[in-house]
Amino acid sequence: MNWLRNFLYGRHGSDALSFALMILFIILSILGQLLRWPVLYFLAYIPLILCFYRMLSRNHERRYRENEAFLKFWRPIGHWFSVRKNRAMDSKTHRYYKCPQCKQTLRVPRGKGKIEISCPKCGKTFVKKT
């Protein structure tokens, strides 16, 4: 077991990009099996090889830059999904409206009838039914 510890010492390890490459491998391999396209099934191994290459690399600076570039691309997409998930979880207790002036999204409680909503960003007030 000591040889494995010595081998892995100083390696980069996993990060968000490695995790995304692993997910891409799983998706492509499942699609290759379902669609019975052997080419797609074998192309799925490219992200897997890249994932292991990145995890076993000792060039920390370059792997860090690659991961940061990936996260710069992924963060807006992940944020969009996170907002949609939170709205779906809140859908029974709250409603969401956009301010007519500044387009700020406002969350108000459901079941209060007609209420006057004031935007905290621009101060505009408007009436909506909750």
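Predicted model: local features only at pLDDT ≥ 70, side-chain atom pairs only at ≥ 80, totals over all residues.
1. Ser29 lies in helix 2; helices here are DSSP runs of H or I with at least four residues, strands are runs of E with at least two, and both are numbered from the N terminus. At 13% relative accessibility, Ser29 is classed as buried, where buried means under 20% relative accessible area, exposed over 50%, and partly exposed in between, with a 1.4 Å probe and protein chains only. Leaving aside residues up to four places away in sequence, Ser29 touches Tyr41 and Ala44, contact being defined as heavy atoms within 4.5 Å.

2. Residues are numbered from 1 along each chain as its sequence is written, and side-chain values use heavy atoms, with hydrogens and water left out.

3. The protein contains 5 helices and 4 strands, arranged from the N terminus as α-α-α-α-α-β-β-β-β. Its radius of gyration, 24 Å, is well over the 14 Å that the globule rule gives for 130 residues, so the protein is more spread out than a compact globule. That radius is taken over C-alpha atoms, and the rule is 2.2 Å times the number of residues to the power 0.38. The C-alpha trace spans about 70 × 40 × 30 Å along its principal axes.

4. Of the 130 residues, 23% count as buried. The accessible surface comes to about 10100 Å², and 63% of this belongs to carbon and sulfur atoms; areas come from the Shrake-Rupley method with a 1.4 Å probe, and for residues only the protein chains shown count as cover. Among contacts between residues at least 6 apart in sequence, 37% join residues at least 24 apart.

5. The protein carries 25 positive and 6 negative charges, whose mean positions are 10 Å apart. Lys and Arg count as positive and Asp and Glu as negative, while His and the chain ends are not counted. Each charge is placed at NZ of Lys, CZ of Arg, CG of Asp or CD of Glu.

6. Strand 1 (residues 94–98) and strand 2 run antiparallel and are joined by 5 bridges; two strands pair if DSSP finds at least two bridges between them. Tyr96 stands opposite Arg107 in strand 2. In strand 2 (residues 105–109), Leu106 and Val108 form the covered face, and Thr105, Arg107 and Pro109 the uncovered one.

7. Most residues other than glycine have a negative phi. Lys103, by contrast, takes a positive phi near 65° in the hairpin of strand 1 and strand 2, which has 6 residues between the strands. Lys103 is exposed, with a relative accessible area of 52%. Arg36 also has a positive phi, near 55°, and is placed in the loop between helix 2 (16–35) and helix 3 (38–43). Arg36 is exposed at a relative accessible area of 72%.

8. Lys128 belongs to strand 4 (residues 125–129) and is partly exposed, at 35% relative accessibility. Not counting residues up to four places away in sequence, Lys128 touches Tyr97, Gly113, Lys114, Ile115 and Ile117. From Ser57, Lys128 is 71 residues away in sequence and 57 Å away in space, C-alpha to C-alpha.
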